[in-house]
Amino acid sequence: MKYFIWAYNPKVVGIRPSQGISFVVPETKTEAYLELEINQIIPVKRIDFQTVYPIFKKAG
C-alpha cells in the first residue's frame with residue numbers, strides 16, 4: 001500500500017485519484033478530497049507521528 005500524507009487542500013499540488021494510494025488527510029479536509037473524487041482517504045484529527053504511525057503499523 002502506498003500512502004500520501006498531506007495536510008493541505010489537494011488542489012494545491014494537483015492530486016488526482018490514483019489506484020493503490022491512500023491519502024492520510026486532516027478530518028477538516030475530507031470534503032475537499034471527496035469533491036475531487038478521491039475516495040481512498042484516511043481522515044485523522046492531526047498529522048503527527050502519534051496519529052499516523054498506528055495507521056502504518058496496522059497496515060503493515
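How many aromatic pairs does the count come to? Six. This tour of a predicted model starts with those rings, moves out to the sheet, and ends at one alanine.

**Stop 1: a ring pair**

Select Phe23 and Tyr33. Their ring centres lie 6.1 Å apart. The planes meet at 45 degrees, so this pair is tilted; stacked would need under 30 degrees, and edge-to-face over 60. Now colour by secondary structure. Phe23 belongs to strand E2, residues 21-26. Tyr33 belongs to helix H1.

Are Phe23 and Tyr33 buried or exposed? Phe23 has a relative accessible area of 3%, so it counts as buried. Tyr33 is buried too, with a value of 0%.

**Stop 2**

**Stop 3**

Hide the side chains and show the cartoon. Select E1, E2 and E3. These three strands form an open sheet, in the order E1-E2-E3, with parallel pairing. Which strands stand at the edges? They are E1 (2-5) and E3 (41-44). Each has a single partner strand, so one side of each is left without a neighbour in the sheet. Look along the sheet for its twist, which averages 25 degrees from one strand to the next.

Zoom in on E1 and E2. The two run parallel, and four bridges join them. Bring back the side chain of Phe4. Opposite it, in E2, stands Phe23.

**Stop 4**

Select residues 49-59. This is helix H2, which packs on the sheet. Which strands does H2 touch? It touches E1, E2 and E3. Compare directions: that of H2 makes about 170 degrees with that of E1.

**Stop 3: Ala32**

Return to helix H1, residues 30-35, and pick Ala32. Its relative accessible area is 18%. The cut-off for buried is under 20%, so Ala32 is classed as buried.

Which residues does Ala32 touch, leaving aside those up to four places away in sequence? They are Asn9 and Pro10. Select both to see the contacts.

Finish with a distance label.

Key:
Residues are numbered from 1 along each chain as its sequence is written. This is a predicted model: local features need pLDDT of at least 70, side-chain atom pairs count only at pLDDT 80 or more; totals for chains, interfaces and linings use all residues. Side-chain values use heavy atoms; hydrogens and water are left out. Buried means under 20% relative accessible area, exposed over 50%, partly exposed in between (1.4 Å probe, protein chains only). Contact means heavy atoms within 4.5 Å. Rings of Phe, Tyr and Trp (its six-membered ring) pair if their centres lie within 6.5 Å; planes under 30 degrees apart count as stacked, over 60 as edge-to-face and the rest as tilted. Two strands pair if DSSP finds at least two bridges between them. Axes are lines fitted to C-alpha atoms, for helices over the stretch in contact, and angles run from 0 to 180 degrees between N-to-C directions.
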